[in-house]
Amino acid sequence: MTGRVRVAERVMARVVGRIRRRESFRALARPDGRAASRGLSVAYCAASAEAEALHVPVVAYAVGRAHGGAVERNRVRRRLRAAVREVAPSLPQGAYLVRADPSVGSLLPAELGRAVREAVLGAAGRARGARPAAPGGAP
């Protein structure tokens, strides 16, 4: 197996891409949808040239210095990436910006996964005009 084939396999297996272009970040300043859950806030833009080119959702993470040193910020970012990868198959294509406040660092993995799912899917749902379900199933 050549090195080129291995690289192609990794690219094909990608479920979430990274935001790299300035235009995508500018678009996220005025998102189509926003949602928050347990210290996370997510902005979503449906129209993203990067997402269309990669055929997968693209995500950026904002983890500020209030989280602590670089080691702690990187740990939070890795945990967020892992949680987003789990939700990725159900995400609509587009660009997402996931912001974390310092309380996110203390969430258990299951809690973080639920918070990411709620915030990411909520932001995408609001962009499509869908209203979130009321607590208890009431209309």
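Arginine 38 forms a salt bridge with glutamate 111 (a side-chain nitrogen of Lys or Arg within 4 Å of a carboxyl oxygen of Asp or Glu), and the closest N and O atoms of the pair are 3.9 Å apart. This is a predicted model, in which local features need pLDDT of at least 70 and side-chain atom pairs count only at pLDDT 80 or more, while totals for chains, interfaces and linings use all residues. Residues are numbered from 1 along each chain as its sequence is written, and side-chain values use heavy atoms, with hydrogens and water left out.

**Salt bridges**

- Helices (H or I, at least four residues) and strands (E, at least two) are DSSP runs, numbered from the N terminus.
- Arginine 38 counts as partly exposed at 46% relative accessibility, and glutamate 111 is also partly exposed, at 22%, where buried means under 20% relative accessible area, exposed over 50%, and partly exposed in between (1.4 Å probe, protein chains only).
- Arginine 75 forms a salt bridge with glutamate 72, with the closest N and O atoms 2.7 Å apart, and because these two residues are three apart in helix α4, about one helical turn separates them.

**Strand β5 and its partners**

- Strand β5 (residues 95–100) is mostly covered, since five of its six residues are buried.
- Strand β3 (residues 40–45) pairs with β5 in the antiparallel sense over six bridges, where two strands pair if DSSP finds at least two bridges between them, and alanine 43 stands opposite leucine 97 in β5.
- Strand β4 (residues 58–63) pairs with β5 in the parallel sense, again over six bridges, and valine 58 stands opposite alanine 95 in β5.

**The largest pocket**

- The largest pocket has a volume of about 350 Å³, and of the 16 residues that line this pocket, the closest to its centre are Val16, Gly17, Arg18, Val59 and Arg81.
- A pocket is an open set of points on a 1 Å grid over the protein atoms alone, where a 1.4 Å probe fits, with protein on both sides within 12 Å along at least five of seven lines, and lining residues have an atom within 4 Å of a point; the volume is the space filled by probe spheres set on the points, which are joined across faces, edges and corners.
- Helix α4 gives the most to the lining of the largest pocket, with four residues.
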